[in-house]
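Here is a friendly tour of a model. Have the sequence and the coordinates open, and let us walk through the fold together.

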Amino acid sequence: MKLLNLERFEGVDPSLALLNEREAAAVLTLKPATLTNWRHTGRYGLPYIRAGKAIRYRLSELLAFMERHTYRHTGEMKAGNGGRMASETTIEARKGPGDG
């Protein structure tokens, strides 16, 4: 996989920096076909811009996506539980009224 040179975006607000599919895939170290699949299936809900046939991704969205999908270990779940570990969420879900 070819490395991406992001120098052209130096000093540019990441929310204004638009990358094509190949560049976006390189940022995420994926194949462009993976992004195509995600767009068609709605997997991960990664936002993109369509202008005619052109597909563009905001650099800020790619960076936010990587942040949301960064974990320290496999038992950690960030989405939907306030950043608590899965075991903490399970314990609270099992508690009944008056269990403190």
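## One face of H3

In this predicted model, the buried residues of H3 (59-68) are Leu-59, Leu-62 and Phe-65, where buried means under 20% relative accessible area, exposed over 50% and partly exposed in between, with a 1.4 Å probe and protein chains only. Seen down the axis of H3, these buried residues fall within an arc of 125°, so they line one face of the helix; the arc is that of the directions from the helix axis to the C-beta atoms. Their cover includes S1, H1, H2 and S3. Contact here means heavy atoms within 4.5 Å.

A word on conventions: residues are numbered from 1 along each chain as its sequence is written, and side-chain values use heavy atoms, with hydrogens and water left out. Because the model is predicted, local features need pLDDT of at least 70 and side-chain atom pairs count only at pLDDT 80 or more, while totals for chains, interfaces and linings use all residues.

## The overall layout

The chain has four helices and three strands, and along the sequence they follow the pattern β-α-α-β-β-α-α. Helices (H or I, at least four residues) and strands (E, at least two) are DSSP runs, numbered from the N terminus. Of the 100 residues in the chain, 21% are buried. Among contacts between residues at least 6 apart in sequence, 38% join residues at least 24 apart.

## The sheet

The three strands make an open, antiparallel sheet in the order S1-S3-S2; two strands pair if DSSP finds at least two bridges between them. At the edges are S1 (18-20) and S2 (49-51), each pairing on one side only. From one strand to the next, the twist averages 40°. Axes are lines fitted to C-alpha atoms, for helices over the stretch in contact, and angles run from 0 to 180 degrees between N-to-C directions.

S1 and S3 are joined by three bridges. Leu-18 has Arg-58 of S3 as its bridge partner, and H3 packs on the sheet, touching S1 and S3, with its direction at about 60° to that of S3. Further along, Asn-20 stands opposite Arg-56 in S3. Three bridges also join S2 to S3, with Ala-51 partnered by Ala-54 in S3. S2 and S3 form a hairpin with two residues between them, and Gly-52 in the turn has a positive phi of about 70°.

In a regular strand the side chains alternate between the two faces of the sheet. In S3, Ile-55 and Tyr-57 make up the covered face, whereas Ala-54, Arg-56 and Arg-58 make up the uncovered one.

## The nonpolar core

The largest nonpolar core has 15 residues, and those with the most contacts inside it are Leu-19, Leu-28, Leu-35, Leu-46, Tyr-57 and Leu-62. Helix H1 (21-27), helix H2 (32-41), strand S3 (54-58) and helix H3 (59-68) each supply at least two of its residues. Such a core is a set of buried Ala, Val, Leu, Ile, Met, Phe, Trp, Tyr and Cys residues joined through side-chain atoms within 4.5 Å.

Leaving aside neighbours within four places in sequence, Tyr-57 is in contact with several residues, among them Leu-19, Glu-21, Leu-35, Arg-39, Leu-46 and Leu-62.

## Polar residues around Tyr-57

Which side chain makes a polar contact of 2.9 Å with that of Tyr-57? The partner is Arg-39, a residue of helix H2 that counts as buried at 16% relative accessibility. A polar contact is a pair of N or O atoms within 3.5 Å; within protein, one must be able to donate a hydrogen and the other to accept it, and residues adjacent in sequence count only if both atoms are side-chain atoms. Beyond four places in sequence, Arg-39 is in contact with Glu-21, Tyr-48, Ile-55 and Tyr-57.

Glu-21 sits in helix H1, and its side chain makes a polar contact with that of Thr-36 (2.7 Å). With neighbours within four places in sequence left aside, the contacts of Glu-21 include Pro-32, Leu-35, Arg-39 and Ile-55.

## Two loop residues with positive phi

Thr-29 is in the loop between H1 and H2 and has a positive phi of about 55° although it is not a glycine. Thr-29 is exposed, with a relative accessible area of 59%.

Tyr-44, in the loop between H2 and S2, is also other than glycine and has a positive phi near 70°. At 38% relative accessibility, Tyr-44 counts as partly exposed.
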